[in-house]
Amino acid sequence: FQATHPHLPLAYAGIPILTQGIQQKIRKDNDKLTILAAAPKKRAGEKGAKTLYDLAAKIEANFPNTKLISPPNMPYSNFVDLLGKIDIDIDQLYSFTPATTALLSMARGAITVSGAEEEFYNFIGEKTLRPIINANPFDIDHTYKQLARVVSDAEYRRELSRQSIEFVARHNEAHIVARRFINFWDSL
């Protein structure tokens, strides 16, 4: 955008997530891990849904402590409620950054498979938190291994869940994003 419109101001603010009142899932150690693989049918191709569904199905087949759910399209409010009942969100394959669904599930403590390139973390100034399993379309086997570690290592899972909540609070809480917009506006 900046290359074609250098005279227009440009800033990054992030996707706002209203975290106040969000309940984190309380899980028991003997509960199966619920893995969500869902994409709107019209956007399944751009999200890499088939590849990610196959990855999640392979995890479910190889790890008896997991349960894969892939609900059909549903009303948004039902979908947001569902995000509070999952442990892992298989979000998207072809992205450098997490988007709205990933951030909504992370705010609830779910672990997300989505875009999380090192350049994204550098861009937002995040030095320590790495809660997202970076989906790599060129190396699905690597993504599988990362996800296998999550489902087989409870301590690692708890740490990523904690980091997910902290990441959204630090970078995407609605008032923080709003403040970025205001600061940008005031700087013009």
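I looked up the surface first: the protein chain of this predicted model exposes about 10700 Å², and carbon and sulfur atoms supply 57% of it (Shrake-Rupley method, 1.4 Å probe). Residues are numbered from 1 along each chain as its sequence is written, and side-chain values use heavy atoms, without hydrogens and water. Local features need pLDDT of at least 70 and side-chain atom pairs count only at pLDDT 80 or more, while totals for chains, interfaces and linings use all residues.

I then checked burial: 40% of the 188 residues in the protein chain are buried (under 20% relative accessible area, 1.4 Å probe, protein chains only).

I listed the secondary structure next and found eight helices and five strands (DSSP runs, H or I of at least four residues for helices, E of at least two for strands, numbered from the N terminus). Along the sequence they read β-α-α-β-α-β-α-β-α-β-α-α-α. The radius of gyration, 17 Å, is close to the 16 Å of the globule rule for 188 residues, so the protein chain is as compact as a globular protein of that length (C-alpha atoms; the rule is 2.2 Å times the number of residues to the power 0.38).

I looked at contacts (heavy atoms within 4.5 Å): of those with a separation of 6 or more, 65% join residues 24 or more positions apart.

Last, I took helix α3, residues 76–83, where Phe79, Val80, Leu82 and Leu83 are buried. They lie on the same side of α3, because their arc around the axis is only 155 degrees (from directions to the C-beta atoms). Their cover includes β1 (33–37), β2 (66–69) and α4 (100–107).

Terms used. Buried means under 20% relative accessible area, exposed over 50%, partly exposed in between (1.4 Å probe, protein chains only).
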